[in-house]
Every structure is written in structure tokens, then in C-alpha cells.
Amino acid sequence: MAARAAGYGGRAEVLRRVMAQQEKIEESPVEASRSRSRAKLSVSNVTKSFGLPAGEIIEAVVDVSFDVADNELCVLLGPSGCGKSTVLRMVAGLEAPTAGSLALDGHEITRPGGDRGMVFQTYTSFEWLTVQENVEYGMRLNHVPKADRKARADHFIDLVQLAKFRNAYPSQLSGGMKQRVAIARTLANDPAILLMDEPFGALDAETRWTMQELLMNIMESSRTTVLMVTHDIEEAIFLADRILFMTRHPGRIRENLQTGFKSGRRIPDKEAVIGMEGYADLERHIMHMMREESPNRDRGK
């Protein structure tokens, strides 16, 4: 950490380098081509308000707009209570926007659907089913033929490296293994987009690191599109192709940040990413925004 901090420089210089990198990305032919293609997910001017029993209206998020491209891993990052999970739940169809619209592959999102798969922070496997049965469960509800169901389950169980545990029950698995089951079960249903709400937040540091690297490999091998919520800056920079940083409540998109120092590559080696030129600048820039947007910043003034 001391070595990383030594390369930071002053705040103004860090900001200059981060903004210069963002401008370079936006001007590149690859990014120009990507921006012209139709978005996989489109969130347009979305506001979400909640009514309290006393009649007060609370705005959770205000005028949020962003797109997610096919096979992109986009991360929603921001301080606690900024509305990250509210946005994710609206994409899932679990909450309806008060204003604005959301669309997946050009179709408006109005309710939950099989084109969106969700992985939560809490473990969601059925304790009375084996790993194999858990992964097959959604397909069985959708009347997928038994042979196809088994083949797809086998593929995704292998992908998340649980082949030796396919006949084990959740109570016999570690926390990281349980999350692998959840990811395999979700992918086996062939969603158009994978939604992840702090999926590794309950894991210990070593298991979280392993799961992050596993997700990178899954992204490359399955061509999955991911929208992920996290509060972990290091996790966001390591995993994301793009980071949407949200303000404190009511949440708005403050900055749309490309992780350009990775030059468009996905690198499933956390030590390598942390050591890359540009990582420290982006981390410090986000830390500064997180401090500015902290709900506790104005306390005591």
C-alpha cells in the first residue's frame, strides 16, 4: 500500500491524468464503434421515489441514464444508500421506476423475466437439493427436456469448477462454493444479462479474490453481459470494463469511468492489475469522490 500511495501525486495531477485517460478512450476507434452499436441495456432518465406513511416522498435515485453494451461488465459504485441496489432491482423488474424507462435488447422492462438473471449477496440455494439439482431447478420449471437440462447443468458446473461437488448439498459447501452454485444456476437459464448485487460481499478476502478472478474467466468463456453493484473500490476497478459512480442520496450518476489503463483487456490476475500504471490514479480519484459523497461528510458542521 505504501508503494502504491507513493505514486499518487497531488490531487490535481491525479485528476488531470485520469481525465486525460478518459478522453483518450472516448476518442479511440474501438470506443467510437462500440458507442454506435445498439446498447444491450438502456436506462433512460430513471427516477425512483418512495412514499412514507406520513405522506413524505423520498427520492431514492434521480434522472439516472446509462447504457450497457453486449459482453460488458459494468459496475455501479457509490456510497452507502446512494441507490445502487434500487437501480439494479428496477433492471430486474422487481421495482418499477417512478419516471423514465428501462429496456433490454430494445424491449421495455416492466416486470421480472427470464432474460435477466440475478445473483444476490445472500446464499439462495435450496438446502434439500444437490448442486446438480439446484443448477437444473430453473430449467426444470421452464420444461427444458431432461437430457438438455443435464447437459447445460454439467457445462456450467464445470465452468464454476464444482464438478467434484455436483452431488453435494449446500450445507456441505463453503460460502464461495455456494455462490458458484448460484452463478451456475443463473447462467444455465441463459439470461441476456447477469445482475449481481454485491455477490462476494459476505466472503472472506481470499475467497472473494478467487471468485472475482473466476468471474473474469466466465465473462470471457460465456460472453456474458454483467451489471454489478459493489461498494468495494478495489473490486470495481479490477472487474469492471466501466464504472458508473453515483452520488450520495438521492443517487445520480456523477461520473462514467472507463478502466482504460487495462487497454480493453480483461486480466484475471489481481496482483497484475493492481501493479499496472494507471491503477493507483483511478483508485485515488474514486476514493476522493467516495469521501466527498460520504453521508457522514457534513456531520458535525
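Mentor: A salt bridge is counted where a side-chain nitrogen of Lys or Arg lies within 4 Å of a carboxyl oxygen of Asp or Glu. Please keep in mind that this is a predicted model, in which local features need pLDDT of at least 70, side-chain atom pairs count only at pLDDT 80 or more, and totals for chains, interfaces and linings use all residues. Residues are numbered from 1 along each chain as its sequence is written, and side-chain values use heavy atoms, with hydrogens and water left out.

Trainee: Which of these residues, Asp115 or Arg116, counts as buried, and which as partly exposed?

Mentor: Buried means under 20% relative accessible area, exposed means over 50%, and partly exposed lies in between (1.4 Å probe, protein chains only). Arg116, at 13% relative accessibility, is therefore buried, while Asp115, at 31%, is partly exposed.

Trainee: How many salt bridges does the structure hold, and which parts does the one between Glu95 and Lys48 tie together?

Mentor: The structure holds 14 salt bridges. In the one between Glu95 and Lys48, the closest N and O atoms are 3.7 Å apart. Helices (H or I, at least four residues) and strands (E, at least two) are DSSP runs, numbered from the N terminus. Glu95 lies in the loop between α4 (84-92) and β4 (99-104) and Lys48 in strand β1 (residues 41-51), so the bridge ties together parts that are 47 residues apart in sequence. Lys48 is buried, with a relative accessible area of 10%, whereas Glu95 is partly exposed at 23%.

Trainee: How many aromatic pairs does a search of the whole structure find?

Mentor: Rings of Phe, Tyr and Trp (its six-membered ring) pair if their centres lie within 6.5 Å; planes under 30 degrees apart count as stacked, over 60 as edge-to-face and the rest as tilted. The search finds 3 aromatic pairs. Phe126 and Trp128 form a tilted one, with 5.1 Å centre to centre and 40° between the planes. Trp128 is exposed, with a relative accessible area of 61%, while Phe126 is partly exposed at 24%.

Trainee: How many disulfides are there by the counting rule?

Mentor: A disulfide is a covalent bond between the sulfur atoms of two cysteines. The rule asks for a pair of cysteine sulfur atoms within 2.5 Å, and the count comes to 0 disulfides.
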